[in-house]
Amino acid sequence: MKKKLYIETVGCQMNVLDSELVVGALRRQGYELTYEATDAEVIFFNTCSVRQHAEDKIYSALGRLRGHKRAHPEKVIGVLGCMAQKDQEIVLRRAPHVDIVCGTGQLGQLTELIEEVRRTRTPQLALSLDRTEGSRVEVERSFESYDPMRDPSMRPTAFQAYVRIMIGCDKFCTYCIVPSVRGPEQSRPPEHIAAEVRQLAAEGCKEITLLGQTVNSYQYTRGDGRRERLSDLLTRIHDISGIERIKFITNFPRDMSDDLLDAVRELPKVCHYLHVPAQSGCNDVLKRMKRLYTVEYYRDMLQRCRERVPGVAISSDFIVGFCGESEASFEKTCDLVRDGSFKNSFIFKYSARPGTKADDLFPDDIPEEIKKRRNNDLLALQNAASLVDHLGRVGDTVQVLVEGLSKNGSKQAADAGPKQLTGRTMTDHIVVFDGNERLIGRTVPLKVEEATSFTLFGTVLTSEQVGAEEGRATEGASPTAEGPARRSLPLI
């Protein structure tokens, strides 16, 4: 009888990838995945420390398992990832029934940690050095890059995958805990990345997303001094057979180089989509955040992106209510959102994080009700900008990689005929449309007919409609028999 593993994932795409790799490694040790924590012999929480809300949910989930662990002491409970690296002993103090606390740089040790817990019945900690506890080389070595064999069944879809090209961050924004919990910036060898992409393509993957905390900072230096940048890496992997689309996230504004923009423009498989967080539209706030650029620089960068990559879609991130943000500062952020023509923006209320410079240097002096109001106001401005962007695409013909059923489509009856499907364009716009489920995993041409602030609505062009009609004729078969299976990690 196989052992069962449960894993709950919170946070960014990097955490989702880490969870896929952890599951893949434990599958090879005889585990199978379950989606009920109480059914599992091993229960993992892969955590995020960017916002307090994410940590609170993990502690709540751990609290609900306290009685279950008391009744089943042989089970192994582990806290992995950023919260483990940041809080370490605090986790064991708040949740003493936890058996494993494993940081982002030690995920490769999990099999041994599980066995050590079972052998000794004592908690196991596996953590990297703090950035002040050794030389840069020593700290780098303590953050092991974790890139084992992949497990196709653990991806959100069988034809899309994340690929880590670097770990860590050296930007040290004052609000951000990532440089502490993921260590110094280190770029993977391009040959290793290309080999992983070839493996993914052989497994049927069509779209890859290259991941890095500041992905456009990627730079691999060889022994003879030659350097390979992200633009070179894109060129290296572009012609791998089977790969149809390449994305990369998240970008740092100061590292948006012309050679990278030229690669986006000239390489047909690279999506014309850039996610470039601004965080604020006020220079005083950016200085306190230590973002290393001004609003003027960011605006010039936006213009340069659009000049060098015509039609590029750009999204951003913003933090409202950062320490000392006045109403005048917030209005400057509103101006940037009005002028920026962003496809969309992710907007967050500032959350003070112990261990960051902002928490040491600046009082969290913006009341919660003001943060909430600014969040809502900025979101309304972005929704209006997104609507303008989307309405400008009505009438366009777009190529859409069909990802699966939309939320509405998943609620439709099995025998309801064409389902509502969803997919993304080469500019990362979400499109929903009616079609046969056999289109899932395929790239199809659509005409955009309508738009809201969040979604484009399209119609499959005639040749694909004919194919869908032919597919509908075989009513007796399972409608998803020829489509890829979809298995998602449980996300909070």
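Modeller: Start with L387, which counts as partly exposed because its relative accessibility is 31% (buried is under 20%, exposed over 50%, partly exposed in between, with a 1.4 Å probe and protein chains only). Keep in mind that this is a predicted model, where local features need pLDDT of at least 70, side-chain atom pairs count only at pLDDT 80 or more, and totals for chains, interfaces and linings use all residues. Residues are numbered from 1 along each chain as its sequence is written, and side-chain values use heavy atoms, leaving out hydrogens and water.

L387 sits in helix α16, residues 368-391 (helices are DSSP runs of H or I, at least four residues; strands are E runs of at least two; both are numbered from the N terminus). That helix also holds R373 and D377, four residues apart and so separated by about one helical turn. Their side chains meet in a salt bridge at 3.8 Å, N to O (a Lys or Arg side-chain nitrogen within 4 Å of an Asp or Glu carboxyl oxygen). R373 is partly exposed at 33% relative accessible area, and D377 is partly exposed too, at 34%.

Elsewhere, salt bridges with shared partners link E207, K247, K343, E403, R424 and D428 into one network. Within it, K247 and E207 pair up at 3.8 Å, N to O. K247 is in strand β13 (residues 245-249) and E207 in strand β10, so the pair ties together parts 40 residues apart in sequence. Here the side chains are tucked away: K247 is buried at 9% relative accessible area, and E207 is buried at 4%.
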